[in-house]
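Dear colleague,

I am passing on the structure below, followed by notes on what came out of going through it. Please read the notes with the model open beside them.

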Amino acid sequence: MTTATRHPFVISQTFTKEDSDAIRMIELIPALEGTDAYDVLVTYHSSDKVYRYEVDDDATAERWYHLLNDPTVCSVVSWGREVNHARAHGDILDT
């Protein structure tokens, strides 16, 4: 299920084990009331714990919004790899 509203936008995507081996859910949310920053919440299939990452810039938030909002693209993205790559390159930061 995908929901989105813009400025500030919120979007979430839930994945079955067949859709993504690693990621159960990703949600892109506003970081704090009154700011333009975004955080990404990630839940893995291996745990019920929700991990919160700070999105480093608007370009990353827009990119992830478009990836999550397009069902065709979203279904072929390796979300485990995408999250690990973003963390390694500083696009999303541990909070």
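Val77 sits in the loop that links helix 2 (71–76) to helix 3, where helices (H or I, at least four residues) and strands (E, at least two) are DSSP runs numbered from the N terminus. This is a predicted model, in which local features need pLDDT of at least 70 and side-chain atom pairs count only at pLDDT 80 or more, while totals for chains, interfaces and linings use all residues. Residues are numbered from 1 along each chain as its sequence is written, and side-chain values use heavy atoms, with hydrogens and water left out.

Val77 is buried, with a relative accessible area of 15%; buried means under 20% relative accessible area, exposed over 50%, and partly exposed in between (1.4 Å probe, protein chains only). Not counting residues up to four places away in sequence, Val77 touches Leu67 and Glu82, a contact being heavy atoms within 4.5 Å. Between Val77 and Leu67 the C-alpha to C-alpha distance is 8.1 Å, at a separation of 10 residues in sequence.

**Overall arrangement**

The protein has 3 helices and 5 strands, which follow one another along the sequence in the pattern β-β-β-β-α-α-α-β. Of its 95 residues, 36% count as buried.

The 5 strands form an open sheet in the order 1-2-3-4-5, with antiparallel pairing; two strands pair if DSSP finds at least two bridges between them. Strand 1 (11–14) and strand 5 (92–94) are the edge strands, each pairing on one side only, and the twist averages 25° from one strand to the next. Here axes are lines fitted to C-alpha atoms, for helices over the stretch in contact, and angles run from 0 to 180 degrees between N-to-C directions.

**Helices on the sheet**

Helix 1 lies across strand 1, strand 2, strand 3, strand 4 (50–55) and strand 5, running at about 130° to strand 2. Helix 3 also packs on the sheet, where it touches strand 2, strand 3, strand 4 and strand 5, and its direction makes about 50° with that of strand 2.

Helix 1 (residues 58–69) and helix 3 (residues 79–88) pack with their axes 13 Å apart and at an angle of about 180°, and the two are therefore roughly antiparallel to each other (angles under 35 degrees count as roughly parallel, over 145 as roughly antiparallel, 65 to 115 as roughly perpendicular and the rest as oblique). Arg63, Trp64, Leu67 and Leu68 of helix 1 meet Trp79, Glu82, Val83 and Ala86 of helix 3.

**Asp39 in strand 3**

Asp39 belongs to strand 3 (residues 38–44), which pairs with strand 2 (residues 23–30) in the antiparallel sense over 7 bridges; within that pairing, Asp39 is the bridge partner of Ile29. Is Asp39 buried or exposed? Asp39 is buried, with a relative accessible area of 7%. The side chains of Asp39 and Arg52 are joined by a polar contact of 2.6 Å (a pair of N or O atoms within 3.5 Å; within protein, one must be able to donate a hydrogen and the other to accept it, and residues adjacent in sequence count only if both atoms are side-chain atoms).

Asp36 lies in the loop between strand 2 and strand 3 and is exposed, with a relative accessible area of 63%. Asp36 and Phe9, 27 residues apart in sequence, are 10.0 Å apart in space, C-alpha to C-alpha.
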